[in-house]
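Subject: Structure handover

Hello,

Here is the structure you asked for. My notes on it follow below.

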Amino acid sequence: MNKLKTPYYLIDEAAILKNMKKIEHIYLETDVRFVLALKCFSVWQVFDLMKKYMNGTTSSSLFEAKLGYEKFGKDTQIFSTAYSDRDIAELKKIADKVIFNSVAQFEKYREVLRSDSAKKGISLGIRINPHISNSPFDLADPARKYSRLGVSSIKELTPLVGRVDGAMFHYNCENESFESFSKSLDFISDKYGKFLQKVRWVSLGGGISWSKDGYPIKKFCDKLKAFGEKFCVGVYLEPGEAAIAGAGELVCSVLDIVKNVKKTAIVDASVEPHMLDMLIYRQNAKINEPAGQHEYIIGGRSCLAGDVFGTYKLKRELSVGSVVRFADAAGYTMVKKNWFNGLQMPSIVIKRLNGKVEVVREYDYKDFINS
Ligand SMILES: Cc1ncc(COP(=O)(O)O)c(C=O)c1O
């Protein structure tokens, strides 16, 4: 590992397996099926491991759906905020479940998706905005004011009864509280009960931190099972983050240390192109090492003044060449990487279950030009 050139994203299959084992347990207890949210994580080189435990993928676009279909297989689901004719022309050949954001789009495309030229047995669903959510961020709150995500009026659903196969509610974001998840599900059950009795499946979206140590899995299972039985529906969860939590690091090296009152270690990666969510959500990247007395700001090497991973108190002193590892670098990180400043793109490295370390992707100048 020491011979690897930084920067690189490191994916640890053993950490993924830990989450997959939880999925297996929940599935066996409840019959709830899990589809991987590709918007969060699409490193297809580890899909062989994940597809043993997960039922398929869910996508946000035609390209993600194609990726899921080609590299993961099984159940290929998609929810798009708005489909185009071009999307539907391709999706009808590969999708198993197509979830619409509006009644108008459902009416526009339902016939073609159920025609003889479409894949057999495509199931159609509708996303519903339940007007409640558990999200610490307004930006990621699907029930935020004037949200465009999901059918917002219950009246609009009436003409769909008996015509759609499924319903989708995505109302959590990084929600670690079982109690709030459970309370919201009760609310949804009461408010949409009549509609839910007439569908065959319900997806409860993503954003639930069921893979965190200490999450009450038994209560979670009981709740999901009771919900499925109450409405006689197949239940789906669409985890992104929870499926790959703890599995990714961004590994970089210190290139320089500068001082302006405080010391800043400048590393060979950058927040904006390589860990964009930290900027968007104004968070510090987590660092994987013991805390101590040596304080550093760790900054990226882009031209952006605010290109800062965070301020840390470390046990060791940093010097040029020190390797720094940022945690939680798999979800919503690798999918958002970009070529800002033309910086060297981190390679993708996978630590396999058998301990073998594989560099699956390296980037060079040609990739920059081609982008
Ligand atoms: C509809 C839908 N499903 C699933 C997810 C995955 O969420 P997470 O990665 O937080 O589990 C998202 C995230 O935005 C989403 O919008």
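**Helix packing**

Helix α3 (residues 62-72) packs against α4 at an angle of about 20°, and their axes lie 10 Å apart. Helices here are DSSP runs of H or I with at least four residues, strands are runs of E with at least two, and both are numbered from the N terminus. Axes are lines fitted to C-alpha atoms, for helices over the stretch in contact, and angles run from 0 to 180 degrees between N-to-C directions. The angle makes α3 roughly parallel to α4. The cut-offs are under 35 degrees for roughly parallel, over 145 for roughly antiparallel and 65 to 115 for roughly perpendicular, with the rest oblique. The crossing of α3 and α4 is left-handed; that is, the near helix is turned anticlockwise from the far one by less than a right angle, while clockwise would be right-handed.

L62, A65, K66 and Y69 of α3 touch D87, E90, L91 and I94 of α4, where contact means heavy atoms within 4.5 Å. The contact of α3 with α4 holds five nonpolar, no polar and three charged residues. Nonpolar covers Ala, Val, Leu, Ile, Met, Phe, Trp, Tyr, Cys and Pro; charged covers Asp, Glu, Lys and Arg; the others, Gly among them, are polar.

This is a predicted model, in which local features need pLDDT of at least 70, side-chain atom pairs count only at pLDDT 80 or more, and totals for chains, interfaces and linings use all residues. Residues are numbered from 1 along each chain as its sequence is written, and side-chain values use heavy atoms, with hydrogens and water left out.

Helix α4 (residues 85-94) also packs against helix α5 (residues 103-113), at an angle of about 30° with axes 10 Å apart. α4 and α5 are therefore roughly parallel. Their crossing is right-handed. From α4, D85, I88 and K92 meet K108, Y109, V112 and L113 of α5. That contact has four nonpolar, no polar and three charged residues.

Helix α6 (residues 178-196) and helix α7 (residues 217-231) pack at about 0°, with axes 11 Å apart. That makes α6 roughly parallel to α7. On the α6 side, the contact residues include F178, F181, L185 and L196; on the α7 side, they include F220, L224, F227 and F231. By class, the contact of α6 with α7 has eight nonpolar, three polar and five charged residues.

**Ligand**

The ligand is surrounded by 13 residues, the closest being K39, G207, E238, E241 and Y332. A residue counts as near if one of its heavy atoms lies within 4 Å. K39 places a polar side-chain atom 2.9 Å from a ligand oxygen atom. An N or O atom in the side chain of E238 is 2.6 Å from a ligand nitrogen atom. E241 uses its backbone: a polar atom there is 2.9 Å from a ligand oxygen atom.

**Backbone points**

The T6 to P7 peptide bond is cis, with omega near 0°. P7 sits in the segment before β1 (8-12). Y146 has phi near 60°, a positive value in a residue other than glycine. Y146 belongs to the loop between β6 (123-127) and β7 (166-168).

Best wishes

Conventions: A polar contact is a pair of N or O atoms within 3.5 Å; within protein, one must be able to donate a hydrogen and the other to accept it, and residues adjacent in sequence count only if both atoms are side-chain atoms.
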